[in-house]
There are 2 protein chains.
Amino acid sequence: MAMPLFHDGLMVHTQSHDYPIVITENSAIKNNSMAKQIAPYIGGRQVLIVTNDTVSPLYLKVLEEELTEQFTVKVCVLPDGEQYKNQTSINQIYDTLMAAHFNRDVTLIALGGGVVGDMTGFAAASFMRGVNFIQIPTTLLSQVDSSVGGKTGINHAQGKNMIGAFWQPQMVLADMSTLKTLPARELSAGLAEVIKYALIMDADFLTWLEANLPAMMALDLAILGEAVKRCCQYKADIVAQDERESGVRALLNFGHTFGHVIETHEGYGNWLHGEAVAAGMVQAAELSQKLGWLTVEEVVRIKRILTLANLPITPPSIDVQTALSLMGHDKKVKHGQIRLILLKSLGEAVLTNDFDAELLTEVLSQHSA
Amino acid sequence: MAMPLFHDGLMVHTQSHDYPIVITENSAIKNNSMAKQIAPYIGGRQVLIVTNDTVSPLYLKVLEEELTEQFTVKVCVLPDGEQYKNQTSINQIYDTLMAAHFNRDVTLIALGGGVVGDMTGFAAASFMRGVNFIQIPTTLLSQVDSSVGGKTGINHAQGKNMIGAFWQPQMVLADMSTLKTLPARELSAGLAEVIKYALIMDADFLTWLEANLPAMMALDLAILGEAVKRCCQYKADIVAQDERESGVRALLNFGHTFGHVIETHEGYGNWLHGEAVAAGMVQAAELSQKLGWLTVEEVVRIKRILTLANLPITPPSIDVQTALSLMGHDKKVKHGQIRLILLKSLGEAVLTNDFDAELLTEVLSQHSA
């Protein structure tokens with residue numbers, strides 16, 4: 001039996017339970033370790049694997065076969081794409097569960113990126129008022145962000161992630177090898193979230209990234225594993241402090257309020273989430289600079305690393321009033337005030353509504369029609 | 001200002017927070033107390049009242065007007081009936097929330113019976129991953145059962161309450177006067193759950209009910225308030241021990257596995273939930289008697305009080321194999337075994353799969369085609 005080249009991980013502490021994130025390589029090969037590693041976290045005899053039509057040809061077969069040796073396994077293959085992150089897809093999961101006569105013993109397994117993970121998690125949170133689930137994230141974005149911390153959900157026609165639940169997985173298995181089949185554009189989208197952790201939490205990690213980003217983009221799995229572990233640890237530390245985002249957890253949304261405007265305006269799926277966050281982080285950094293918290297050089301440094309990761313640093317042209325109105329739909333709005341996550345310095349973020357609305361308008365105007 | 005004639009209540013202790021159940025009368029009269037009593041439990045400035053087209057002409061106007069003095073109030077009126085306890089109605093609530101630009105500050109108010117409460121609770125659990133809600137139950141069934149304990153959800157075409165969440169309200173306001181507008185058949189359906197508490201928890205309460213049921217059916221509000229308070233206290237004690245139904249809480253489902261078979265087979269809405277539970281409790285009692293746990297006389301006593309409450313004690317004709325198959329869909333099934341709540345004695349219930357399948361078949365056969 002081939003041993004995994006790299007096997008590392010960490011524990012996430014939440015109110016409901018603690019769970020491991022296992023970081024590994026080459027687990028999706030026959031007689032290797034994907035099924036073996038997750039089996040101990042499956043409580044009953046029933047398993048539903050939820051995946052999409054892009055990931056299923058790559059990683060489903062071995063996982064399904066090996067799990068079938070121990071469990072009753074059903075599969076739900078959803079269409080790939082953010083535009084399918086909706087009630088119709090959730091209903092497809094429910095219908096599969098009901099047709100299989102599965103009950104509270106079932107464990108759902110999310111095999112795919114953030115969309116699959118968010119939908120599988122919400123289906124798990126809501127089927128029979130809550131069943132277990134396991135995350136096998138196959139994109140960098142989901143490995144460093146959405147598979148950690150229990151945010152699950154779907155989009156509403158009028159807003160992203162408007163319907164959902166906080167629901168923690170039993171374990172997360174992040175296999176770096178799956179990044180080899182990830183399109184380069186999606187790898188870059190994941191790097192946006194990696195860079196985000198550096199900007200909001202740790203200026204030293206920014207320096208590390210400036211040195212190691214080329215190796216990550218060349219798919220050096222050990223360096224990718226190191227980056228994923230660091231990001232998961234940053235996120236786990238924050239989630240342990242504030243699972244339901246009543247405080248510090250909101251800082252993880254740096255760049256996201258601006259990014260949501262881009263995604264909603266352009267239509268889901270045209271800009272990748274990470275791309276919208278990248279351009280949104282630049283806007284948030286520009287506002288921070290106008291407030292005197294960042295230097296012009298620091299904003300240039302942020303733009304440079306995003307560019308190095310092949311990410312956009314300029315939003316599409318959006319009318320200012322439209323942008324402000326879309327911001328009003330964001331979950332971070334409190335008592336009608338737009339609150340934004342801004343940088344007090346590189347490596348330190350703050351959630352604030354203490355800025356001149358004129359300055360926000362200035363930032364939004366730079367790229368408006 | 002007219003003072004309420006009766007004002008009493010209790011506290012429910014749950015993992016997320018404690019909340020009060022206030023039992024009152026005549027609060028839905030202008031300048032009386034409904035809006036005043038719930039206002040302290042509304043955190044933000046945004047309120048969505050969810051009700052149905054039967055209850056809205058009775059109690060909505062004053063509540064809406066008085067809340068509007070302090071809050072931004074929107075209303076979502078759903079069609080009345082168990083057949084509308086589905087995703088379409090939930091989407092109507094989401095759409096109303098999105099159209100109003102409401103955010104995490106919103107408080108949802110469920111004004112109606114169990115169906116309104118369950119759907120409003122699930123919408124609150126899932127809108128923006130969870131917002132606050134308040135229950136104003138206007139049926140006896142919801143006052144003694146569904147408004148307490150945080151079970152929320154909707155039906156799936158293949159099974160009742162298959163989609164949902166555990167989500168606790170900020171407070172429950174149970175006004176006995178609302179029972180004056182409740183159809184007699186629905187009052188009886190609520191009495192089924194009241195009688196259930198006596199059968200599973202407290203034989204003395206059964207004796208109390210045998211003496212007081214006529215007064216309750218004649219709408220003696222003080223006696224009804226006393227019964228509601230006792231039932232809520234039984235349920236609150238159980239929920240405090242076992243919020244997520246991993247143990248003792250399952251006992252509250254006495255009569256429900258048999259009852260679900262009746263409801264599913266007959267189509268939602270043809271048998272009221274309480275009617276199905278009544279006939280289901282008789283079946284569970286008959287199986288308990290066959291196991292030697294109840295005497296024939298005790299089964300007769302159960303049938304007698306249900307009959308006194310104008311409840312059915314005989315299920316409709318259902319083929320045994322169909323009934324067994326429908327039972328297999330129930331959430332109480334564990335590792336493929338049908339588990340039932342049975343009575344070890346009057347006032348003492350047990351969840352068990354330790355019975356001869358033949359005896360279950362015998363009970364089901366008594367009324368099969």
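**Ground rules.** I number residues from 1 along each chain as its sequence is written, and I letter chains from A and number ligands from 1 in the order in which they are written. Because the model is predicted, I keep local features only at pLDDT of at least 70 and side-chain atom pairs only at pLDDT 80 or more, while totals for chains, interfaces and linings use all residues; side-chain values use heavy atoms, with hydrogens and water left out.

**Entry 1: the annotated site.** I started from UniProt, where an unreviewed entry puts a "binding site" annotation on Glu193(A), His256(A) and His273(A). I note that UniProt positions are given in the numbering used here, that feature names are shortened, and that annotations may be inferred rather than shown by experiment.

**Entry 2: His256(A).** I found His256(A) in helix H9 (residues 256-266) of chain A; helices (H or I, at least four residues) and strands (E, at least two) are DSSP runs numbered from the N terminus. Its relative accessibility is 5%, so His256(A) counts as buried. My scale is buried under 20% relative accessible area, exposed over 50% and partly exposed in between, with a 1.4 Å probe and protein chains only. Leaving out residues up to four places away in sequence, His256(A) touches Glu193(A), Lys196(A), His273(A) and Val277(A), where contact means heavy atoms within 4.5 Å. I also see the His256(A) side chain reaching the backbone oxygen of Phe254(A) at 3.0 Å.

**Entry 3: His273(A).** This one sits in helix H10 (residues 273-290) of chain A. With a relative accessible area of 16%, His273(A) is buried. I list its contacts, again without residues up to four places away in sequence, as Leu141(A), Lys160(A), Glu193(A), His256(A) and Glu263(A). The side chains of His273(A) and Glu263(A) are joined by a polar contact of 3.2 Å. That term means a pair of N or O atoms within 3.5 Å; within protein, one must be able to donate a hydrogen and the other to accept it, and residues adjacent in sequence count only if both atoms are side-chain atoms.

Entry 4: I moved to strand E7 (residues 151-156) of chain B, where six of its six residues are buried. Which way does E7(B) run against strand E8 (residues 159-166) of chain B? They run antiparallel, joined by five bridges; strands pair if DSSP finds at least two bridges between them. Ile154(B) stands opposite Ile163(B) in E8(B). E7(B) and E8(B) form a hairpin with two residues between them.

**Entry 5: rings.** Phe205(A) and Trp208(A) form a stacked aromatic pair, 5.6 Å centre to centre and 25° between the planes. I pair rings of Phe, Tyr and Trp (its six-membered ring) if their centres lie within 6.5 Å; planes under 30 degrees apart are stacked, over 60 edge-to-face and the rest tilted. Both Phe205(A) and Trp208(A) lie in helix H7 (residues 203-217) of chain A, three residues apart, about one turn of the helix. Both are buried. Tyr197(A), Phe205(A), Trp208(A) and Tyr234(A) form one aromatic cluster. Arg230(A) lies over the face of Trp208(A), 4.9 Å from the ring centre; I require NZ of Lys or CZ of Arg within 6 Å of the ring centre and within 35 degrees of the ring normal.
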